[in-house]
Amino acid sequence: MRFNDAVFGIILMVFSAVVMIHAETTFPGLPGQDFGPAFFPVIIGGVLFSCGAVLTFQGIAKRRTIPLASLGEWVRSPRRVVNFVLVIGLLVFYVLVSDFLGFIPTSVLILALLTYRFGKGIVFALSSAVIVTLIMHTAFYNVLRVPLPWGILQPVAW
């Protein structure tokens, strides 16, 4: 399905505003530092809000030639529809299961499944999922101090 840029622009602006408000109101400050955990989400939210505004203005300008929504070619491909549904389903899976399983096992499962589904071999899918997960965990948990759930790995948390 193809949407006019104005539709996604408005969605992006609302999403970025919610992210910025949530980060500012719920992320704790770090004593003795000017920048806390909310710094990067607010910066990224501001950039996304600006991009959403640009998309909205472009979509309004093109409204006469591009309808608000139309079906794309990918909708006629069952494989692509399954891939789309799989990505959305795995995002919901992460939200529902990550507190119990933890970030690391959940992320490895999701990344390995998606990598394999999108055409790579099982060895590459598993090894790249482990490497990418460990890099993401290090970046967010250790460097940015974002509290990621440990889940079943709580006894070996580092």
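A residue counts as exposed when its relative accessible area is over 50%. Val-123 has 65% relative accessibility, so Val-123 is exposed. This residue is found in helix H5. The model described here is predicted.

Thr-25 sits in helix H1, which covers residues 5-26. With a relative accessible area of 60%, Thr-25 is exposed. Thr-25 and Gly-89 are 64 residues apart in sequence, and 29 Å lies between their C-alpha atoms.

**Helices H3 and H4**

Helix H3 spans residues 78-101, and helix H4 spans residues 103-117. They pack at an angle of about 170°. Their axes are 9 Å apart. Angles over 145 degrees count as roughly antiparallel, and H3 and H4 are therefore roughly antiparallel to each other. From H3 come, among them, Val-82, Leu-86, Leu-90, Phe-93, Tyr-94 and Val-97. H4 contributes residues including Phe-103, Leu-109, Ile-110, Leu-113 and Leu-114. Arginines take part too, with Arg-79 on H3 and Arg-117 on H4.

Trp-74 lies in the loop between strand E2 (69-70) and H3. Trp-74 has 29% relative accessibility, so this residue counts as partly exposed. Trp-74 and Arg-2 are 72 residues apart along the chain. Their C-alpha atoms are separated by 9.9 Å.

How many salt bridges does the structure hold? There is one. Arg-76 forms a salt bridge with Glu-73. The closest N and O atoms of this pair are 3.4 Å apart. Arg-76 counts as exposed because its relative accessibility is 56%. Glu-73, at 62%, is exposed as well.

Which element makes the largest share? H2 does, with five residues.

**After H5**

Arg-145 lies in the segment after H5. This residue has a positive phi of about 60°, although Arg-145 is not a glycine. Arg-145 counts as exposed, because its relative accessibility is 58%.

**Accessibility at a glance**

The table gathers residues described above.

| Residue | Relative accessibility | Class |
|---|---|---|
| Val-123 | 65% | exposed |
| Glu-73 | 62% | exposed |
| Thr-25 | 60% | exposed |
| Arg-145 | 58% | exposed |
| Arg-76 | 56% | exposed |
| Trp-74 | 29% | partly exposed |

Technical notes: Residues numbered from 1 in each chain as written. Predicted model: local features only at pLDDT ≥ 70, side-chain atom pairs only at ≥ 80, totals over all residues. Heavy atoms only, no water. Helix = DSSP H or I, 4+ residues; strand = E, 2+ residues; numbered from the N terminus. Axes fitted to C-alpha atoms, helices over the stretch in contact; angles between N-to-C directions. Parallel < 35°, antiparallel > 145°, perpendicular 65-115°, else oblique. Contact = heavy atoms within 4.5 Å. Buried < 20%, exposed > 50% of the residue type's maximum accessible area, 1.4 Å probe, protein only. Salt bridge = Lys/Arg side-chain N within 4 Å of Asp/Glu carboxyl O.
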